[in-house]
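Subject: Structure handover

Hello,

Here is the structure I said I would pass on. My notes on what was found in it follow below.

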Amino acid sequence: MGNPRTLFDKIWDSHVVATQEDGTNLLYIDRHMVHEVTSPQAFEGLRNSGRKVRAPGQTLAVADHNVPTTDRSKGIENEESRIQVETLVQNTADFGVPYFPVEDVRQGVVHIVGPEQGFTLPGMTIVCGDSHTATHGAFGSLAFGIGTSEVEHVLATQTLLQKPAKNMLITVEGELAPGVTAKDITMEIIGRIGTAGGTGYVIEYAGSAIRDLSMEGRMTICNMAIEGGARAGIIAPDEKTFAYVKGRPMAPKGDAWEKAVAYWSTLPSDEGATYDHEIHIKAEDIAPVVTWGTSPEDVVAITDTVPNPKDSADPNKAAAMERALAYMGLTAGTPMTDVEIDKVFIGSCTNGRIEDLRAAAKIAEGQQVADGVHAMVVPGSGLVKMQAEEEGLDKVFKAAGFDWREPGCSMCLAMNDDKLKPGERCASTSNRNFEGRQGRDSRTHLVSPAMAAASAIKGKLADVREFI
Amino acid sequence: MDKFTTLTGIAAPLDLINIDTDMIIPKQFLKTIHRTGLGKNLFDEMRYESDGSPKADFVLNKEPYTGAQILVAGDNFGCGSSREHAPWALLDFGIRCVIAPSFADIFYNNCFKNGILPIKLPREVIDSLMEKANRGGNATFTIDLENQKVVDPDGKEYAFDVDEFRRHCLLNGLDDIGLTLQKSDKIESYEEARKEQAPWVFGASA
Ligand code: SF4
């Protein structure tokens, strides 16, 4: 037996193809997901140098960022968006890459589609030209976002040049209080470590509160690892993971399944494995949270007030807070639950899965969206939408005055027509509250799906505990 | 990719922390299918009013910074989205070097792939460089990658660290893919071995 190793170490070691003198590894990539925004220049590069895609069977493409969330049959009105999607169709056809068309029920946000199809599996290296690739780490795989040059590198060679990351362990032990969800855990962590706290690390999330989460919840946790600056988030695979994966279209079957489960069961970190950094959090210390500013680290409990820059000891931080308050149109000291909203967005690769829609519908049931608020529900994929409709969630939402839409990234980044007008304020289940993220001069407050639904009903940022 | 050896140019100060890639190039400009042409929209929302007129107080709208080739910025530069449009926009504007106390990983990586040199220096050094970058026409810095040093307008030198392999690629303008393809035999033997161990990895989506 060698030294005890972490989950990350094991995956890393099993994917090293070659090592350079300076310690840079040539790392084998098992899965590559491709979308329309970060791939055109990569395919163009291949074409210009006469290269082909090395492993189309390990690659999967889908358009999500630009697609309209209204009736698909009319096509895409915005010319640039349409060209980008058409370019993906053409590129995947030319290079033989499997592609789910926009009208296909399997279409959706790339990070929801991968797990749904069983394309995402434990113990793998998974990349995509998208920072929220971290989502797939919930399966005990090493999943990280890459730039377009690296997309081209993976298409051509099925490898990447990488240096190993450092290991960080974050444990959350104990039971969550009522109304507290995976989204609150992951936002609380970012609030504590800051958006650069994870730089250079892969974060392994562990502890009983993480184990108790469903796969959907674990995906929400890992999804936002990048918001804490980490290269990836990762959670040890267990029976829940295997149960989720089993029977999915691209998952192994028969003997291969048995063999795979045996292999995946060896992956969790060894007893005595050490980490470069550890953080331990008690589940009961976490409240339902909301962001007040323009960085995902600007987290407060919903029962708190807008913080005061004067209370910050760091002048750089105080200046950033001043700027954020001015941008958000907020005054220090205002209770968060007094903040009125114009829009609500429920969806994205953070919270666009079936469990998220169920949580929101549970709050919405029998209630009415406040006057003057527009509340959108955008399922993460066509299959999520179908499942929700089978369960009657669409009816619950519609009866409560929510707008039930077609799948895609939508107002998470507002590349299609779904965007906030300047100055509009939104309670959003997405992952980024950056300046301009949901439209020019848009104001975003990140929350869990249940909190978003509660806010829609109140017309203000709301504490979900009033509804349970 | 263009080589990077030495660079002498105007350095623009941008004294903000957590400058994310949405700020560097907002999403409405990600609809392009080309790498070039993004420079005019670099820092679009900070740089222009909603009617498209330039904001007079934004640094890159002021002379001589309209011709800046170097950017000096605060902590955690380039955080957020993985979009390589961020370095493309910087490059298209003419910026070949960003100096900051720290960078987000993906952005840092993306810079090297596009011939941009990101330099990490301690906060105190950045404070001093920021002040010197504020000197308008005299804010000329020299970046010497061969000798790994920054020379400020007063002739003061600061050594910086850079990964040896990345330095080599930048100095010689080398393309990673070409280098990796030379190792095709190693990739093939890896795949053969992995097919035995984990056959489900292969051909899943085809
Ligand atoms: S849902 Fe949002 S964060 Fe997720 S891939 Fe789409 S744009 Fe990115």
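A residue counts as buried when its relative accessible area is under 20%. B:Asn18, at 16%, is therefore a buried residue. Please keep in mind that this is a predicted model.

B:Asn18 sits in the loop between strand E1 and helix H1 (21-24) of chain B. Its phi is positive, at about 55°, although B:Asn18 is not a glycine. A:Ser348 is another non-glycine residue with a positive phi, in this case about 85°. A:Ser348 belongs to helix H12 (residues 348-351) of chain A, and with a relative accessible area of 1% it is buried. In chain B, the peptide bond that runs from B:Glu63 to B:Pro64 is cis, its omega being near 0°. B:Pro64 is part of the loop between helix H2 (44-47) and strand E2 of chain B.

The ligand

Four helices of chain A each give two or more residues to the lining: H6 (182-193), H8 (215-223), H13 (354-364) and H16 (449-458). Which of the elements gives the most to this lining? It is H13(A), with five residues. Sorted by type, the lining of the second largest pocket has 12 nonpolar, seven polar and seven charged residues.

Chain B as a whole

Chain B has 206 residues, 61% of which count as buried. Its secondary structure comes to eight helices and seven strands. The C-alpha atoms of chain B fill a box of roughly 65 × 45 × 25 Å along the principal axes. Taking contacts in chain B between residues at least 6 apart in sequence, 65% join residues at least 24 apart. The chain exposes about 8,000 Å², and carbon and sulfur atoms supply 47% of that area.

Helix H5 of chain B

Why is helix H5 (residues 123-133) of chain B described as largely enclosed by the rest of the structure? Because eight of its 11 residues are buried. Those buried residues are B:Arg123, B:Val125, B:Ile126, B:Ser128, B:Leu129, B:Met130, B:Lys132 and B:Ala133. They pack against strands E1 (6-14), E2 (70-73), E3 (97-100), E5 (140-144) and E7 (157-159) of chain B, and also against helix H11 (315-328) of chain A.

A residue on helix H2 of chain A

A:Arg47 lies in helix H2 (residues 40-48) of chain A. Its relative accessibility is 42%, so A:Arg47 counts as partly exposed. Leaving aside residues up to four places away in sequence, A:Arg47 touches A:Asn91, A:Asp94 and A:Phe95. A:Arg47 and A:Phe95 are 48 residues apart along the chain, and their C-alpha atoms are separated by 9.4 Å.

Regards

Note on methods: Residues numbered from 1 in each chain as written. Chains lettered and ligands numbered in written order. Predicted model: local features only at pLDDT ≥ 70, side-chain atom pairs only at ≥ 80, totals over all residues. Heavy atoms only, no water. Nonpolar A, V, L, I, M, F, W, Y, C, P; charged D, E, K, R; others polar. Buried < 20%, exposed > 50% of the residue type's maximum accessible area, 1.4 Å probe, protein only. Contact = heavy atoms within 4.5 Å. Areas by Shrake-Rupley, 256 points an atom, 1.4 Å probe, with all protein chains shown as cover.
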